[in-house]
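Here is a friendly walk through one structure, with the criteria spelled out as we go. Please keep the viewer open while you read.

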Amino acid sequence: MTGNFCVAVHALVYLNHKGETVSSEKLAENICTNPTRVRKVMSMLKKKGLVKSQEGLDGGYILSDKKENISLGQILDAINEKTVCLNWHSGDDDMDCLIASGMAGIMDDIVENLNCSCKDYLDKTTIKTIDSKIFK
């Protein structure tokens, strides 16, 4: 999972709270990142129908009709990320040693199980859940 997930969740919680169209500059200010990064992430969310955009002087982003029922799992899917990702595997499939030749497959299974467990949790957690934690 990358920081884009944090940007996306933060932006959607903020949009839910504001209940109005918010510019990428205003979102970036609240998220503490740059507007270009916000626009990149919001573009992915828009493609999946989680937000709508409006052009012009009063332009920006607003939550789609789904509002606070958006799950963190939907956000993760929208930005095309996994919770856990391995960029390197130890061992070598061509080695005679069973440990060296089998470890990559074992680690892939572990990572897949972690992703499934995390996705289950994220699917049960919504923007409304986070909002209620902030505004107890």
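At 57% relative accessibility, Glu29 counts as exposed (buried means under 20% relative accessible area, exposed over 50%, and partly exposed in between, with a 1.4 Å probe and protein chains only). Before going further, please note that this is a predicted model, in which local features need pLDDT of at least 70 and side-chain atom pairs count only at pLDDT 80 or more, while totals for chains, interfaces and linings use all residues. Residues are numbered from 1 along each chain as its sequence is written, and side-chain values use heavy atoms, with hydrogens and water left out.

Glu29 forms a salt bridge with Lys26, their closest N and O atoms being 3.7 Å apart (the criterion is a side-chain nitrogen of Lys or Arg within 4 Å of a carboxyl oxygen of Asp or Glu). The two residues are three apart in helix H2, about one helical turn (helices are DSSP runs of H or I with at least four residues, strands are runs of E with at least two, and both are numbered from the N terminus). Lys26 is partly exposed, at 38% relative accessible area.

How many salt bridges does a search of the whole structure find? There are four. One of them joins the side chains of Glu25 and Arg39, at 3.5 Å from N to O. Glu25 lies in helix H2 (residues 24–31) and Arg39 in helix H3 (residues 35–47), so this pair ties together parts that are 14 residues apart in sequence. Both partners count as partly exposed: Glu25 has 47% relative accessibility, and Arg39 has 34%.

## A network that includes Lys119

In helix H5, Asp123 and Lys119 are four residues apart, about one turn of the helix. Salt bridges that share partners join these two residues and Asp77 into one network. The closest N and O atoms of Asp123 and Lys119 are 2.8 Å apart. Asp123 is partly exposed at 36%, and Lys119 is partly exposed at 22%.

## The largest pocket

Asp77 and Lys119 also line the largest pocket, together with Leu76, Asn80, Glu81, Lys82, Thr83, Glu112 and Asn115. Helix H4 (72–78) and helix H5 (98–124) are the elements that give two or more residues to this lining, and H5 gives the most, with three. By class, the lining has one nonpolar, three polar and five charged residues (Ala, Val, Leu, Ile, Met, Phe, Trp, Tyr, Cys and Pro count as nonpolar, Asp, Glu, Lys and Arg as charged, and the others, Gly among them, as polar).

The space in this pocket is about 180 Å³. On a 1 Å grid over the protein atoms alone, a pocket is an open set of points where a 1.4 Å probe fits, with protein on both sides within 12 Å along at least five of seven lines; lining residues have an atom within 4 Å of a point. Grid points are joined across faces, edges and corners, and the volume is the space filled by probe spheres set on them.

## Cysteines

The structure holds zero disulfides (pairs of cysteine sulfur atoms within 2.5 Å). For Cys116, the nearest cysteine sulfur is that of Cys118, 9.5 Å away. Cys116 is partly exposed at 38%.

Strand S1 (residues 51–54) and strand S2 (residues 60–63) pair in the antiparallel sense over four bridges (pairing needs at least two DSSP bridges between the strands). Ser53 stands opposite Tyr61 in S2. Five residues lie between the strands of this hairpin, where Gly56 takes a positive phi near 105°.
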